[in-house]
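Keep the 3D view open as you read.

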Amino acid sequence: METMKRLWKEQPLSVILFAGAFFRLIAAIFSKGWGMHDDHFLVIEAAQSILDGADYNNWIPDDENDTPGGHSFFYPGIHYFLFWIMDSMGFTNPQGKMYVIRFLHAAYSMITIVLGYRITLRLASQKIANQVGLVLALLWIFPILSVKNLVEVVCIPPLMYSTYLLLKNKENPKLGPEMLAGFFAGIAMGIRFQTALFIGGFGLYLLFNKRWAGAVLFGVLAAVGFSLTQIGDVFIWDRPFAEFQEYIRYNIEHKTSYFNRPWYMYFLTIGGLLIPPISLFWMFGFARLWKKHLLIFLPAFIFFAFHSYFPNKQERFIIPVLPFLIILGHIGWTQFTEQSKFWSKNGKLHRGFWIWFWSLNTILLLVLSASYTKRNRVESMTWLYNQEDFNNMIIESSHQTNFLMPAQYYTGTWKKYFYITSKSHPAEQVRQTVDQLSDSSLVPNYVVFFEEVKLEERIERFETNYGKELELAVVIEPSFIDDLLFKLNPNNDNQTTYIYRIEQ
């Protein structure tokens, strides 16, 4: 204990980094699966399928596809390169490769902790910097998010580095750091297009500080950095920024097609994620110092305001704001409490709120850092990968109009699978198509039931209409967290998976 106290006093950043690395390592080892649809199907599946020549979601132009999908190739392209290296080395096990991906993401996320600490240290006291560093290292959502393939998380380190460069340059302004900051902000935009709003905020900050040349060069280098991330469009689509243009067009036309949520949603999201009432204190502190620390406030505020205005809202969209809110919010709140007569008289109450925060945070941290998300969907495909007789599969979803996409990456094959829903591709039609196949390797010999809803009825209907009997092969249970999320909200499709073998 004395050694820990001495280390904390003499080398606080080392202690903070060790704590952050420990839980990120736990997450890298145990937190398999994905969090949201996009961090698997628009990154992992896209990269591996293109590498294998399958292009499962038609991102590459061909005779049937001449329209960009509106997705930046930069981040999936990095995975394409990583998978190419591993496959070239003979390391082809899907789960094994994902360990490498998660470890790399965990290490990369440590940049946010270091930069958050150093930014805070330039703005406030050592004590406040230590506290911010601990929050960035140990906030319950950060370790698990750090090892997922979320562009909203991956774009944060370059944004933080741009912020740090501009902040450090404030004391003795030079064009070099402003140009470098612009370049990294452009890289962040290449990862997540919406971070263009941060770039606008940085530019306004420079203009407000009368850094005219710096603002121009910042913008130029941001354009250069972004252009480099999108250079693939020139080779793929024969024109620059094809995906970015399609992204803008699609989102304007479909701004209410997915979600049309109220303007205040992100206040509730942040208020919950950062654990009330501390989250409310940070919001207050963030707003309180807007003028004094415009560099931290303005880019994050513009990003937050736009997303609050735009109808299509998903919780993950607001993640890039969190480190900036924590840094400035904690500084503002701490300085406020030091000057407040109320809080000077109610120190026990304030300590009680922090005890509540760290107690609940610790519980959530311990549970979630080792949580296997979407376990049933990942393990079902992994099980098929390990079956020597696996040919192809049918996704049976005749009880509803749609079906859950299988994570084909984990099967190690990109064969076109079959599916059955209540509106399309009935079992009889699937059987007719199968009977006409000239390639026997495409014939399905397994049926996957991702949900147990009306299971017996669906099995009987399949056997009758498909004309083959089914034999239960394996039952795959959801993880604890998946099961809990399903019980809290049945819209989370994380139920038990049943895989049946088709009797030949």
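## Where α12 meets α18

In this predicted model, helix α12 brings L197, F198, G201, F202, L204, Y205 and F208 to its contact with helix α18. On the α18 side, the residues that meet them are L294, L295, L298, P299, A300, I302, F303, F306 and H307. Sorted by class, this contact has 14 nonpolar residues, two polar ones and no charged ones.

How are the two helices placed? Two packed helices are described by the angle between their axes and by the distance between those axes. For α12 (residues 196-208) and α18, the angle is about 140 degrees and the axes are 8 Å apart. Because angles over 145 degrees count as roughly antiparallel, α12 is described as oblique to α18. Their crossing is right-handed.

## Where α6 meets α19

Now turn to another pair. Helix α6 covers residues 94-123 and helix α19 covers residues 322-339. They pack at an angle of about 30 degrees, with their axes 10 Å apart. Angles under 35 degrees count as roughly parallel, so α6 is roughly parallel to α19. The crossing of this pair is right-handed.

Which residues make the contact? From α6 come T112, G116, I119, T120 and L123, while α19 supplies P323, I327 and I331. By class, that gives five nonpolar, three polar and no charged residues.

## The buried residues of α16

Helix α16 spans residues 265-273, and its buried residues are M265, Y266, T269, I270 and G271. What do these buried residues pack against? Their partners are α17 (278-288), α18 (294-309) and α19.

After α16 comes I275, a residue with a positive phi, near 65 degrees.

## A serine in a loop

Finally, find S479, which sits in the loop between β4 (470-476) and α25 (480-488). Is S479 buried or exposed? Its relative accessibility is 9%, and buried means under 20%, so S479 counts as buried.

Which residues does S479 touch, apart from its neighbours within four places in sequence? They are Y372 and R375. With Y372 you can look at particular atoms: a polar atom of the S479 side chain lies 2.5 Å from the backbone oxygen of Y372.

Technical notes
Residues numbered from 1 in each chain as written. Predicted model: local features only at pLDDT ≥ 70, side-chain atom pairs only at ≥ 80, totals over all residues. Heavy atoms only, no water. Axes fitted to C-alpha atoms, helices over the stretch in contact; angles between N-to-C directions. Helix = DSSP H or I, 4+ residues; strand = E, 2+ residues; numbered from the N terminus. Parallel < 35°, antiparallel > 145°, perpendicular 65-115°, else oblique. Left-handed = near helix turned anticlockwise from the far one by under 90°. Contact = heavy atoms within 4.5 Å. Nonpolar A, V, L, I, M, F, W, Y, C, P; charged D, E, K, R; others polar. Buried < 20%, exposed > 50% of the residue type's maximum accessible area, 1.4 Å probe, protein only. Polar contact = N/O pair within 3.5 Å; in protein donor to acceptor, adjacent residues only side chain to side chain.
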